[in-house]
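Hi,

Here is the structure I promised to pass on. Have a look at it first, and then read my notes below.

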Amino acid sequence: MMTITIWHNPRCSKSRETLKLIEDKGITPRVRLYLEDTPTITELRSALGKLNLTAQQLVRSKEAIFKELGLNNSGADEDMLLAAMVEHPKLIERPVVFSPKGAVLGRPPENVLEIL
């Protein structure tokens, strides 16, 4: 049985849909409530590598805190964005799903099917 991990926010409909898709495949994933168990900068860097994304692509730039921190005006670099995501995990796009076959962002939720 492969180990699947989802960085999950139960208040997010896309996150709930992605989790349901995984469970509907008969898989019980490790659910990480990333708002409570915030990924470290090292974990975020690892996730970006697995996702083949930049921090700019993983950050939720429409969150109010993004603008409040001035990240929309500063030409924020990778390190600044990662630090902001650790300090304010709601800035992390969700859900992120990891499996031995790779990692995907569950937007749309069906993306997860390619790594199950």
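Helices here are DSSP runs of H or I with at least four residues, strands are runs of E with at least two, and both are numbered from the N terminus.

Before you go further, please keep in mind that this is a predicted model: local features need pLDDT of at least 70, side-chain atom pairs count only at pLDDT 80 or more, and totals for chains, interfaces and linings use all residues. Residues are numbered from 1 along each chain as its sequence is written, and side-chain values use heavy atoms, with hydrogens and water left out.

Back to Asn9. Setting aside neighbours within four places in sequence, Asn9 is in contact (heavy atoms within 4.5 Å) with Ser15, Tyr34, Leu35 and Arg94.

Now the overall picture. The chain has five helices and four strands, and along the sequence they follow the pattern β-α-β-α-α-α-α-β-β. The radius of gyration, taken over C-alpha atoms, is 14 Å, close to the 13 Å from the globule rule (2.2 Å times the number of residues to the power 0.38) for 116 residues, so the chain is as compact as a globular protein of that length. The C-alpha atoms fill a box of roughly 45 × 25 × 25 Å along the principal axes. Of the 116 residues, 45% are buried. If you take contacts between residues at least 6 apart in sequence, 63% of them join residues at least 24 apart.

Next, the sheet. The four strands make an open sheet in the order S2-S1-S3-S4, with mixed pairing (two strands pair if DSSP finds at least two bridges between them). The edges are S2 (30-33) and S4 (102-105), each of which pairs on one side only. On average, neighbouring strands are turned by 15° against each other, direction ignored; axes are lines fitted to C-alpha atoms, for helices over the stretch in contact, and angles run from 0 to 180 degrees between N-to-C directions.

S1 pairs with S3 (residues 96-99) in the antiparallel sense, over three bridges. In that pairing, Thr5 stands opposite Phe98 and Ile6 opposite Val97. S3 also runs antiparallel to S4, joined by four bridges, and there Phe98 stands opposite Ala103. A hairpin of two residues links S3 to S4.

In a regular strand the side chains alternate between the two faces of the sheet. On S3, Val96 and Phe98 point one way and Val97 and Ser99 the other, and all are buried.

Trp7 belongs to S1 (residues 5-8) and counts as buried, at 5% relative accessibility. Apart from neighbours within four places in sequence, Trp7 has contacts that include Ser15, Tyr34, Leu44, Ala47, Val96 and Phe98.

Which helices go with the sheet? H1 (residues 13-24) packs on it, touching S1, S2 and S3, and its direction makes about 160° with that of S1. H2 (residues 41-51) lies across S1, S2, S3 and S4, running at about 95° to S4.

Leu44, Ala47, Leu48 and Leu51 are buried. Seen down the axis of H2, these buried residues fall within an arc of 100° (the arc of the directions from the helix axis to the C-beta atoms), so they line one face of the helix. On the other side, Thr42, Gly49 and Lys50 are exposed. The cover over the buried residues of H2 includes S1, H3 (55-58), H5 (78-87), S3 and S4.

Terms used
Buried means under 20% relative accessible area, exposed over 50%, partly exposed in between (1.4 Å probe, protein chains only).
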